[in-house]
Number of protein chains: 2
Amino acid sequence: MTMEEKTMKTERVYEGKIINLRVDTVELPDKKYSKREIVEHSGAVGIIALTDSGNIVLVKQFRKPVEDSLLEIPAGKIEKDEEADACALRELEEETGYRTSNMQKLISFYTTPGFSNEVIHLYLALDLDKGIATPDEDEYIEVVELSIQDALEMIELGEIKDAKTIIGILTANQRFLKKANS
Amino acid sequence: MTMEEKTMKTERVYEGKIINLRVDTVELPDKKYSKREIVEHSGAVGIIALTDSGNIVLVKQFRKPVEDSLLEIPAGKIEKDEEADACALRELEEETGYRTSNMQKLISFYTTPGFSNEVIHLYLALDLDKGIATPDEDEYIEVVELSIQDALEMIELGEIKDAKTIIGILTANQRFLKKANS
């Protein structure tokens with residue numbers, strides 16, 4: 001059984017600043033047709049930035065879609081012709097002021113493959129040097145540093161509720177546990 | 001400094017089956033205006049289903065937005081007037097055939113708060129009874145059971161790349177580590 005869904009028709013609905021929307025008519029394996037609503041996104045990076053004392057660096061900002069201020073790992077959209085690595089260094093410095101020459105790629109994941117192609121590339125940043133944050137002009141960002149233990153508790157309590165941030169904190173914790181056991 | 005963004009205008013772009021799209025014009029704290037593209041979603045559930053032998057139950061299905069077949073935890077959209085708990089039981093049985101009376105809510109998280117209000121409620125299902133899977137007619141689903149250790153390796157290797165699934169596997173692992181240490 002082939003699992004693929006062949007595109008029979010594409011309707012472009014919206015072209016925006018961060019996202020586009022299209023609706024594909026697809027042919028299913030049983031030859032029936034169905035519609036797929038697809039939000040196009042150019043991809044993003046997220047950074048697990050750990051200070052020398054082992055704290056994780058988060059940013060708090062208002063998110064209009066959920067009408068709430070959320071604690072998140074530093075993150076941002078990859079710009080046109082930008083490499084993901086360069087984007088991660090740029091976003092970390094813009095949002096938190098931290099610079100580093102010790103940044104490594106961990107994993108990439110899809111945030112919502114049911115309706116979007118957005119991929120987030122997750123980086124680990126160590127050996128941080130404090131500089132000055134320079135967020136975009138429509139970004140109002142507060143930097144918050146937490147111990148991994150506190151961050152884990154805030155996930156359990158529902159006080160940290162952004163998916164990429166939960167992945168970042170659980171990954172940082174797992175890394176520590178591995179180190180501790182090795 | 002208030003972090004809120006006041007809605008000055010809302011333009012409804014698209015009303016669909018799974019998502020809607022609107023564009024809000026907002027007033028920032030410095031009184032300047034900006035646009036926010038917002039994908040509306042009614043919310044979903046995801047289920048960490050663990051067999052008596054400690055394996056995690058995943059489903060593999062083709063995801064048109066990323067043109068790939070992904071391994072994911074069982075999950076699905078909350079239907080109109082449906083409770084999240086009931087949705088979790090329904091989706092688990094439809095997608096995997098497993099039934100249980102031992103399901104507990106863990107956490108809720110936003111998948112992409114930068115451009116969508118989608119929330120996923122994450123459940124833990126234990127004491128599974130095998131029945132018969134009955135997926136929706138446009139779903140082609142294969143059930144895959146993995147040890148947590150194998151699942152963790154597949155995350156590191158980039159073979160499991162769905163955000164909610166990564167959260168589910170890391171959470172299941174953390175739960176085991178906690179138990180092992182207590």
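A163(A) has its place in helix α3 of chain A, which spans residues 163–181, where helices (H or I, at least four residues) and strands (E, at least two) are DSSP runs numbered from the N terminus. This is a predicted model, in which local features need pLDDT of at least 70 and side-chain atom pairs count only at pLDDT 80 or more, while totals for chains, interfaces and linings use all residues. Residues are numbered from 1 along each chain as its sequence is written, chains are lettered from A in the order in which they are written, and side-chain values use heavy atoms, with hydrogens and water left out.

**A163(A) and its surroundings**

- A163(A) is buried, with a relative accessible area of 1%; buried means under 20% relative accessible area, exposed over 50%, and partly exposed in between (1.4 Å probe, protein chains only).
- Not counting residues up to four places away in sequence, A163(A) touches F109(B), Y110(B), T111(B) and I167(B), where contact means heavy atoms within 4.5 Å.
- The C-alpha atoms of A163(A) and I38(A), which are 125 residues apart along the chain, are separated by 20 Å.

**Chain A as a whole**

- Chain A holds three helices and 12 strands, and its C-alpha atoms fill a box of roughly 60 × 40 × 30 Å, taken along the principal axes.
- Of the 182 residues in chain A, 55% are buried.
- Among contacts in chain A between residues at least 6 apart in sequence, 55% join residues at least 24 apart.

**The interface between chain B and chain A**

- In this interface, 67 residues of chain B are in contact with 67 residues of chain A.
- The area buried between the two chains is about 5800 Å², of which carbon and sulfur atoms give 64%; buried area is the accessible area (1.4 Å probe) that two parts lose on being put together, summed over both.
- In chain B, the residues that lose the most area to chain A are E37(B), K64(B) and Y140(B), together 12% of what that side buries.
- Between chain B and chain A there are zero salt bridges, a salt bridge being a side-chain nitrogen of Lys or Arg within 4 Å of a carboxyl oxygen of Asp or Glu.
- The count of residue pairs in polar contact between chain B and chain A is 18, with both residues at pLDDT 80 or more; a polar contact is a pair of N or O atoms within 3.5 Å, and within protein one must be able to donate a hydrogen and the other to accept it, while residues adjacent in sequence count only if both atoms are side-chain atoms.
- Elements giving two or more residues to the side of chain B that touches chain A include β1 (6–15), β9 (102–110) and α3 (163–181) of chain B, and α3(B) gives the most, with nine residues.

**How the copies are related**

- A rotation of 180° with 0.0 Å of shift along its axis superposes chain B on chain A (RMSD 0.0 Å), copies being superposed by least squares on the C-alpha atoms of residues with pLDDT of at least 70 in both.
- That is the relation of a two-fold axis.
- Because 100% of the interface residues of chain B are also interface residues in chain A, the copies meet through the same surface.

**K31 in both chains**

- Most residues other than glycine have a negative phi.
- K31(A) has a positive phi of about 75° although it is not a glycine; K31(A) lies in the loop between β2 (19–27) and β3 (33–41) of chain A and is exposed, with a relative accessible area of 59%.
- K31(B) has a positive phi near 75°, has its place in the loop between β2 and β3 of chain B, and is exposed, with a relative accessible area of 58%.
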